[in-house]
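Subject: Structure handover

Hi,

Here is the structure for you to look over. My notes on what turned up follow below it.

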Amino acid sequence: MTSFKSDFLRELSARGFIHQTSDDAGLDERALEGLLTGYIGFDATAPSLHAGSLVQIMLLRWLQKAGHRPIALMGGGTTRIGDPSFRDEARPLLTDEKIGENLAGIKAVFAKFLKFGNGKTDAVMVNNRDWLDNLNYIDFLRDYGRHFSVNRMLSFDSVKIRLEREQNLSFLEFNYMILQAYDFVELNRKYGCTLQMGGSDQWGNIVNGIELGRRTDGAQLYGLTSPLLTTSSGAKMGKTASGAVWLNADMLSPYDYWQYWRNAEDADVGRFLKLFTELPLDEIARLEKLEGSEVNEAKKILATEATAMAHGRAEAEKAAEAARTAFEEGAISADLPTVEIEVDALKVGHGLLNALVQAGLVASTSEARRQIKGGAVRVNDAQVGDEKMVLARENLTPEGVIKLSLGKKKHVLLKPRE
């Protein structure tokens with residue numbers, strides 16, 4: 001492992017953020033010289049980023065904490081094409097209106113993690129559509145296209161894997177890496193940005209940008225990638241059986257977000273504490289040594305600290321208390337996720353199978369049947385064995401809700417709506 005001198009790279013290395021750099025010594029020296037400006041691009045393919053983007057967001061956060069300037073580049077232009085990296089098929093093309101809606105949702109995330117303003121280390125948010133929309137195609141090809149070797153572009157894993165699988169790669173997608181490289185050059189010219197960061201799947205795109213900057217402007221640019229994360233069991237980071245772990249509260253409640261981290265696999269707790277919290281490394285080392293049931297305490301700390309990052313300390317502590325109330329006391333907490341149902345449904349009877357699907361505890365009625373058969377479903381903390389059970393007004397608790405539970409950790413309240 002490289003022994004870094006700069007605070008920025010030392011912290012990243014110790015926490016497991018670094019997979020690859022274009023020039024260890026050069027980047028380390030550049031970080032020591034003074035203000036370092038670095039960027040990461042985020043395409044607007046959904047209304048929110050999810051937990052799979054957290055490593056990248058935390059890279060920007062640590063850059064700022066080390067006294068440097070982060071740029072969050074919104075891909076308003078590149079989203080119109082779609083990054084083909086390591087995908088078997090093209091992303092669906094989105095309308096400009098949809099891209100705009102997605103950008104609005106994504107921007108809200110960054111205010112939780114970065115400090116924006118006019119100071120020298122304050123974060124900057126820009127949209128690459130500002131310059132990509134104004135490119136003259138012929139001029140762009142003449143000035144920049146000549147610097148790209150198609151032979152070399154075909155050798156990058158992100159392209160080669162698609163071709164080896166005999167999956168179509170459109171010329172539109174093939175242009176993506178050229179536009180991303182141009183983004184780096186443009187940000188260097190406008191903001192003095194000399195570092196591009198991203199996941200390891202972006203290595204080829206980052207290298208293209210470094211070389212384009214050198215060839216067109218003689219600029220010394222750097223790249224840094226983080227490892228692509230999976231859980232210890234091989235699951236993709238930021239995904240669960242019920243869907244993506246969104247960072248926006250209107251798409252996933254702080255309680256459910258807390259639960260995602262609380263349910264981390266034992267083998268992942270130490271790694272996740274380093275990547276997704278700012279706890280001191282010596283404290284993390286202590287938590288990593290916990291064994292048996294004590295590991296659950298480390299998981300709760302992980303859940304609370306990670307949730308505080310995304311939703312604020314108050315929401316994190318509220319989620320932790322709601323979980324403690326639900327799990328340890330078997331009581332009903334008003335902070336549990338709530339799903340409204342029509343009051344008339346309880347008058348005629350609401351099937352438990354459909355209620356479990358409606359509550360988001362299962363994906364289908366067939367899965368609901370399997371869970372009931374396996375003894376995992378409870379209504380108001382009482383185990384249910386009858387898949388034909390119908391929920392009615394008699395099932396309402398004194399608080400006026402029906403508590404549905406799947407296993408020990410997933411709880412949802414059904415609340416009648418007049």
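First a definition: buried stands for under 20% relative accessible area, exposed for over 50%, and partly exposed for anything in between (1.4 Å probe, protein chains only). The model is predicted: local features need pLDDT of at least 70, side-chain atom pairs count only at pLDDT 80 or more, and totals for chains, interfaces and linings use all residues. Numbering starts from 1 along each chain as its sequence is written, and side-chain values use heavy atoms, with hydrogens and water left out.

Salt bridges

By salt bridge I mean a side-chain nitrogen of Lys or Arg within 4 Å of a carboxyl oxygen of Asp or Glu. The whole structure has 19 salt bridges.

Glutamate 387 pairs with arginine 369, with 3.2 Å between the closest N and O atoms. This bridge links distant parts of the chain, 18 residues apart: glutamate 387 is in the loop between S12 and strand S13 (390-391), arginine 369 in helix H19 (residues 365-373). Helices (H or I, at least four residues) and strands (E, at least two) are DSSP runs, numbered from the N terminus. Glutamate 387 has 33% relative accessibility, so it is partly exposed. Arginine 369 is partly exposed too, at 35%.

Lysine 299 bridges to aspartate 266, closest N and O atoms 2.6 Å apart. Again distant parts of the chain are linked: lysine 299 sits in helix H15 (residues 295-311) and aspartate 266 in the loop between H12 and H13, 33 residues apart. Which partner is buried? Lysine 299 is, at 7% relative accessibility. Aspartate 266 is partly exposed at 48%.

Aspartate 7 and arginine 10 also form a bridge (2.6 Å, N to O). They are three residues apart in helix H1 (residues 7-15), so about one helical turn separates them. Aspartate 7 is exposed at 53%; arginine 10 is partly exposed at 40%.

Aromatic pairs

Rings of Phe, Tyr and Trp (its six-membered ring) pair if their centres lie within 6.5 Å; planes under 30 degrees apart are stacked, over 60 edge-to-face, the rest tilted. There are seven aromatic pairs. Phenylalanine 42 and phenylalanine 110 have ring centres 4.9 Å apart and planes at 70°, so they are edge-to-face. The pair spans 68 residues, from strand S2 (residues 37-43) to helix H4 (residues 96-113). Phenylalanine 42 and phenylalanine 110 are buried.

Tryptophan 261 and phenylalanine 276 make a tilted pair, 5.0 Å centre to centre with 50° between the planes. Tryptophan 261 is in helix H12 (residues 254-262) and phenylalanine 276 in helix H13 (residues 269-276), so parts 15 residues apart in sequence are tied together. Tryptophan 261 is buried at 0%, and phenylalanine 276 is buried at 3%. Tyr257, Tyr260, Trp261, Phe272 and Phe276 form one aromatic cluster.

Helix H4

Contact here means heavy atoms within 4.5 Å. Lysine 112 lies in H4 and is partly exposed at 44%. Leaving out residues up to four places away in sequence, lysine 112 touches Arg61, Met309, Ala310 and His311. Asparagine 102, also placed in H4, is buried at 1%. With neighbours within four places set aside, asparagine 102 contacts Ala44, Thr45, Ala46, Pro47 and Leu94.

Regards
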